[in-house]
Amino acid sequence: APMQSVVFTINVSGNYQGLKNLISSLQSSARLFEIKSVTFNSLGSSSGGAGSPVQSSLYNFELVIKTNTY
């Protein structure tokens, strides 16, 4: 069977570190994933968050990801 591309969207909520962890997991996966786009909007600051405002703020993330099937 010929190789086919599959594009899908993931919607998640979290902080910047969580997004970094997700992208790192995708990069270390046995399957090849190509992140086509990332968009986000702010949900505000988490309570009691330490560190920079970017690290402790919560966001809605939308990732468009491409992979191949055989």
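## Terms and basis

A residue is called buried when its relative accessible area is under 20%, exposed when over 50%, and partly exposed in between (1.4 Å probe, protein chains only). The model is predicted, so local features need pLDDT of at least 70 and side-chain atom pairs count only at pLDDT 80 or more, while totals for chains, interfaces and linings use all residues. Residues are numbered from 1 along each chain as its sequence is written, and side-chain values use heavy atoms, with hydrogens and water left out.

## Aromatic pairs of Phe40

Rings of Phe, Tyr and Trp (its six-membered ring) pair if their centres lie within 6.5 Å; planes under 30 degrees apart count as stacked, over 60 as edge-to-face and the rest as tilted. Four aromatic pairs are counted by this rule. One of them joins Phe40 and Tyr59 edge-to-face, at 5.4 Å centre to centre with 90° between the planes. Phe40 belongs to strand β2 and Tyr59 to strand β3, so this pair ties together parts 19 residues apart in sequence. Strands (E, at least two residues) and helices (H or I, at least four) are DSSP runs, numbered from the N terminus.

Tyr59 has a relative accessible area of 13% and is therefore buried, whereas Phe40, at 54%, is exposed. Phe40 also pairs with Phe61: the ring centres are 6.0 Å apart and the planes at 45°, so the pair is tilted. Phe61 lies in strand β3, so its pair with Phe40 of strand β2 ties together parts 21 residues apart in sequence. With 6% relative accessibility, Phe61 is buried.

Thr67 sits in strand β3 (residues 57–69) and is buried at 7% relative accessibility. Its side chain reaches the backbone oxygen of Leu32 at 2.8 Å, a polar contact (a pair of N or O atoms within 3.5 Å; within protein, one must be able to donate a hydrogen and the other to accept it, and residues adjacent in sequence count only if both atoms are side-chain atoms). Beyond neighbours within four places in sequence, the contacts of Thr67 (heavy atoms within 4.5 Å) include Gln4, Phe8, Arg31 and Phe33.

Arg31 is in the loop between α1 (16–28) and β2, and is partly exposed with a relative accessible area of 42%. Arg31 and Thr67 are 36 residues apart in sequence, with 7.7 Å from C-alpha to C-alpha. Not counting residues up to four places away in sequence, Arg31 touches Leu26, Thr67, Asn68 and Thr69.
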